[in-house]
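Keep the viewer open as you read.

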Amino acid sequence: MTLRILLADDQESVRVGFRLILEAQPDMEVVGEAADGQQAVELAARLRPDVVLADIRMPRLDGLEVTRRLAGPEAEQPVRVVVVTTFGLDEYVHTALEYGACGFLLKRSGPALLVEAVRAAMAGDTLISPSLTVSLLRHHRNAGRPRPVQPPDALTSRETEIARLVAKGLTNAEIGAALFISPGTAKTHIASIQRKLAVRNRVGIAAWVWANGLEE
C-alpha cells in the first residue's frame, strides 16, 4: 500500500526537502502541497491523504488550527496530522496533541525520524521528537510527581534501561549505540514498553520513569 501524504508549509524549500525524503521511500507518495493552512484544509478534503505534515506557523490558518479541523473531535472525516515545526514550545506540543495530532517533530529531527513519524501515524501511534520528550517530562516534574499507573516491575530490566534512555531524550539510534543494539531492536523494545505501560508515545514512557523515581 502506498501512503499518500499532503505537505503544508509556507516555505517552498521545506516542502521540496520533505518531498525528496518521503518519495525516496518505496511506499510513500506526496499527493499535494499547500503554502498556507486554509489551502491545506481544502486540499485534504479533496485529496483525502493518509497523512498531513503541517507546519505550525502558516498564513491564513496556523498548523494548530489545521490540526483541529482535520483531526479534532469535530472533524467529520478525521485525517492523521503530524505537526512539523522549528519551534518546540511546550504549549504548542500540548495543544497539538489535544487537537488530535499523531506526532510532533522539530524540523531539525532529520530524515529518518520524519519517515518514522509518518509510519507511526499510519500505525495509530504518536511519535514525538526525542528532544521534546525531555521538555514534556519537565512539565510533569513541575506539576509534581504523579502516582504511577504501572509499577516499577512492569518492565524487564532491559526495558527499564531503555525507558530511562527514552526519558533522557535519546533517539532510537542513540539508544542502540549506548546499548550495542540496532536502532530497529531499540524501536521494537520501545513498542513493547508502550504496550506494557499502556502509553501512546515516548512522553508517556518518560512520565512513567519519573512517576516511579527511576530517572538517572
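## Gln194 and the ground rules

Let's start at Gln194, which sits in helix H9. Helices here are DSSP runs of H or I with at least four residues, strands are runs of E with at least two, and both are numbered from the N terminus. Gln194 counts as buried because its relative accessibility is 12%; buried means under 20% relative accessible area, exposed means over 50%, and partly exposed is in between, using a 1.4 Å probe and protein chains only. Setting aside residues up to four places away in sequence, Gln194 touches Val199, Arg200, Asn201, Arg202 and Ile205, where contact means heavy atoms within 4.5 Å.

Bear in mind that this is a predicted model, so local features need pLDDT of at least 70 and side-chain atom pairs count only at pLDDT 80 or more, while totals for chains, interfaces and linings use all residues. Residues are numbered from 1 along each chain as its sequence is written, and side-chain values use heavy atoms, with hydrogens and water left out.

## The whole chain

The chain holds ten helices and six strands. Of its 216 residues, 50% count as buried. Take the contacts between residues at least 6 apart in sequence: 64% of them join residues at least 24 apart.

## The largest pocket

How big is the largest pocket in volume? About 300 Å³. Of the 18 residues lining it, Glu116, Asp125, Lys187, Ala191 and Gln194 are the closest to its centre. A pocket is found on a 1 Å grid over the protein atoms alone, as an open set of points where a 1.4 Å probe fits, with protein on both sides within 12 Å along at least five of seven lines; lining residues have an atom within 4 Å of a point. Grid points are joined across faces, edges and corners, and the volume is the space filled by probe spheres set on the points.

Helix H5 (111-122), strand S6 (127-128) and helix H9 (183-197) are the elements that give two or more residues to the lining of the largest pocket. H9 gives the most, with five residues. By type, the lining of the largest pocket has seven nonpolar, four polar and seven charged residues. Here Ala, Val, Leu, Ile, Met, Phe, Trp, Tyr, Cys and Pro count as nonpolar, Asp, Glu, Lys and Arg as charged, and the others, Gly among them, as polar.

## H7 against H9

The axes of helix H7 (residues 157-167) and H9 come within 10 Å and cross at roughly 95 degrees. That makes H7 roughly perpendicular to H9, a label for angles of 65 to 115 degrees; under 35 is roughly parallel, over 145 roughly antiparallel, and the rest oblique. The axes are lines fitted to C-alpha atoms, for helices over the stretch in contact, and angles run from 0 to 180 degrees between N-to-C directions.

On the H7 side the contact is made by Arg158, Glu159, Ile162, Ala163 and Val166, and on the H9 side by His189, Ile190, Ser192, Ile193 and Lys196. These residues divide into five nonpolar, two polar and three charged. Thr160 is also in H7, and Thr160 is buried, with a relative accessible area of 12%. Beyond residues up to four places away in sequence, Thr160 touches Pro152, Leu155, Trp208 and Leu214.

## Helix H10

Helix H10 (residues 202-211) is mostly covered, with ten of its ten residues buried. Among them are Trp208 and Trp210. After H10 comes Gly213, with a positive phi near 65 degrees.

Cys102 is in the loop between helix H4 (90-98) and strand S5 (103-106). Is Cys102 buried or exposed? Buried, because its relative accessibility is 12%. Arg80 is 22 residues from Cys102 along the chain, with 6.1 Å between their C-alpha atoms. Leaving aside neighbours within four places in sequence, Cys102 is in contact with residues including Arg80, Ala121 and Asp125.

Arg60 is not a glycine, yet has a positive phi of about 70 degrees. Arg60 is in the loop between strand S3 (51-55) and helix H3 (63-71), and is exposed at 62% relative accessibility. Phe180, also not a glycine, has a positive phi of about 60 degrees. Phe180 lies in the loop between helix H8 (172-179) and H9, and is exposed at 78% relative accessible area.
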